[in-house]
Every structure is written in C-alpha cells, then in structure tokens.
Amino acid sequence: MRWTKKLLMALPVVCAATFAEATVSVYTGFYIPYERHQGAYTCLNRQLMQAEFGIPLASMMSGIFAATKTIHQQSDGQNAYENINLLYKANAPITWNLNFDKSYPNGVTDYSFTLDLVALHAVNGNNTEGRQKTINTAKLAIISIVKTAEIVHRAGNFRVWIRWNNLPSGSGLTGTPVSAGSVNWPGWPFTSSSPLYQTYLGEMIHPDC
C-alpha cells in the first residue's frame with residue numbers, strides 16, 4: 001500500500017477532466033452493490049480492477065458502473081459468469097462525467113461528477129414503483145462512490161460533489177429523498193462523515209451483510 005500512496009501523491013495538483021494523460025497503472029479496489037439471493041437484501045461487495053490513475057476516483061467510476069464477471073457455480077457443472085452489480089443494466093446505463101478534480105496541500109482531494117439517469121428512468125418507468133427503483137439506485141450509487149473514495153484516499157481526505165440529471169420526482173416515495181445535487185459550492189459535497197451519506201447507508205445496506 002505504501003508504494004500505491006506514493007504514486008497517488010505524485011499525481012498533478014490539478015488534473016484536467018480527461019483520461020488521456022493517465023500516469024500510473026495499478027490494481028485497486030472499488031465497491032458495487034449486489035442483492036443476496038438468500039435473503040433478498042442489498043450488500044456491498046469489494047471488487048478489484050486494474051486502473052490507469054490519471055484521476056484516481058474518475059478511473060474507479062469506470063468499475064463502479066460496469067458489469068461484473070462473477071462466477072455462478074451450478075450443480076451440473078455448467079458454471080457461468082454473470083453480472084451482480086445493481087448499478088449496471090446493459091439497456092439502461094448510468095452515464096457520468098467528471099466536472100473537475102483538485103488536490104490541496106493538506107491532502108484533501110475534491111471531485112465533482114454529473115450522473116445521468118435518463119436511460120434507467122425510462123426503463124423503470126414513471127409510476128411510483130419505477131421511480132422508487134431509480135431513486136434507490138441513485139442512493140446505492142452515492143454509497144458506492146463514497147466507499148470507493150475511502151479506498152483511494154481514506155476517510156477525511158476527499159470531498160465529492162454529485163449532480164444528478166433526469167432524477168425522477170420523489171413524490172409519494174418512501175425513504176430519505178435524493179436531491180439533484182450540485183457541482184460545487186455552495187452545494188454540499190459528500191464525505192465519509194456526511195449525515196446524508198450515513199442515512200443512505202443505513203437505509204440501503206442490510207446490517208447483516
């Protein structure tokens with residue numbers, strides 16, 4: 001881990017929002033949400049990917065919103081690899097864009113992302129059940145991004161602004177609302193200690209995971 005931290009510290013202080021200048025290729029972890037079939041509840045799973053670190057958390061976003069290759073063992077021996085990532089649907093991808101990233105001498109790194117739910121919202125539908133599914137997925141995305149940022153930077157060393165495009169109405173839905181968010185101040189970023197993030201975590205991730 002020490003050499004990984006040194007590589008991360010060597011990244012540019014301010015990076016352009018592009019992968020064209022990726023500088024370091026490393027194996028590192030990221031989190032995805034999945035549903036346990038035994039209890040039909042949602043947990044987090046730490047996956048591993050090879051990332052070319054030009055902009056660390058932006059690199060990991062590619063894994064957070066990608067299909068997994070998880071082996072499903074069958075008693076007849078016909079094993080298969082299947083996706084378990086609840087943030088990925090082939091016909092309804094969640095797209096994202098990095099607005100900016102900035103690192104400071106005190107070790108804190110800022111990120112700003114815009115995520116678009118247009119495809120997922122269209123597939124889930126605009127009725128109460130469909131909008132609930134889309135809003136819940138947005139909460140899981142926030143959780144996965146913050147948990148992954150903890151791997152990359154450690155708690156207390158990052159702030160993440162998240163702006164949602166095509167977020168459905170929360171009217172009549174259960175649980176804590178999700179706002180459209182913002183790309184920068186005066187909107188509030190997510191951190192490991194953010195009360196709203198902690199609320200989403202308690203709502204969406206089962207305590208028995």
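This is a predicted model: local features need pLDDT of at least 70, side-chain atom pairs count only at pLDDT 80 or more; totals for chains, interfaces and linings use all residues.
The protein averages a pLDDT of 88, and 89% of the residues score at least 70. The stretch formed by residues 1-22 has a pLDDT that stays under 50, although the model still places 32 contacts beyond four places in sequence for these residues.

The protein contains 5 helices and 8 strands, which follow one another along the sequence in the pattern α-β-β-β-α-β-β-β-β-α-α-β-α. Of the contacts in the protein with a separation of 6 or more, 61% are between residues 24 or more positions apart. Buried residues make up 45% of the 209 residues, while the accessible surface comes to about 11100 Å², with 52% of that area belonging to carbon and sulfur atoms.

In soluble globular proteins, nonpolar side chains tend to be buried together. The largest nonpolar core in this model has 48 residues, and those with the most contacts inside it are Phe65, Phe113, Ile145 and Trp164. Two or more residues are given to this core by each of the strands E2 (24-36), E3 (41-53), E7 (109-116) and E8 (158-165), and likewise by each of the helices H2 (56-64), H4 (128-153) and H5 (195-204). Among these elements, H4 gives the most, with 11 residues. The surroundings of tryptophan 164 can be described residue by residue: leaving aside its neighbours within four places in sequence, tryptophan 164 is in contact with Leu115, Leu117, Ala138, Ala141, Ile142, Val178, Ser179 and Ala180.

Strand E7, one of the contributors to the core, is also paired with strand E6 (residues 95-103), the two running antiparallel and being joined by 8 bridges. Within this pairing, aspartate 101 has tyrosine 111 of E7 as its bridge partner. E6 and E7 form a hairpin with 5 residues between them, and glycine 107, which lies in the turn, has a positive phi of about 95°.

The count of disulfides comes to 1, and this bond joins cysteine 43 to cysteine 209 with an S to S distance of 2.0 Å. Cysteine 43 lies in strand E3 and cysteine 209 in the segment after H5, so the pair ties together parts that are 166 residues apart in sequence. The torsion about the S-S bond is about -85°, and the disulfide is therefore left-handed. The two partners can also be described by their accessibility: cysteine 43 counts as buried, at 1% relative accessibility, whereas cysteine 209 is partly exposed, with a relative accessible area of 42%.

Most residues other than glycine have a negative phi, and most peptide bonds are trans. Against this background, several backbone features may be noted. The peptide bond from tryptophan 185 to proline 186 is cis, with omega near 10°, and proline 186 is found in the loop between E8 and H5. Asparagine 166 is placed in the loop between E8 and H5 as well; its phi is positive, near 60°, and asparagine 166 is partly exposed, with a relative accessible area of 40%. Arginine 154, in the loop between H4 and E8, likewise has a positive phi, near 75°, and at 52% relative accessibility arginine 154 counts as exposed, because the cut-off for that class is over 50%.

Note on methods: Residues are numbered from 1 along each chain as its sequence is written. Side-chain values use heavy atoms; hydrogens and water are left out. A nonpolar core is a set of buried Ala, Val, Leu, Ile, Met, Phe, Trp, Tyr and Cys residues joined through side-chain atoms within 4.5 Å. Buried means under 20% relative accessible area, exposed over 50%, partly exposed in between (1.4 Å probe, protein chains only). Helices (H or I, at least four residues) and strands (E, at least two) are DSSP runs, numbered from the N terminus. Contact means heavy atoms within 4.5 Å. Accessible areas come from the Shrake-Rupley method with a 1.4 Å probe; for residues, only the protein chains shown count as cover. Two strands pair if DSSP finds at least two bridges between them. pLDDT is the predictor's confidence in each residue, from 0 to 100. A disulfide is a pair of cysteine sulfur atoms within 2.5 Å.
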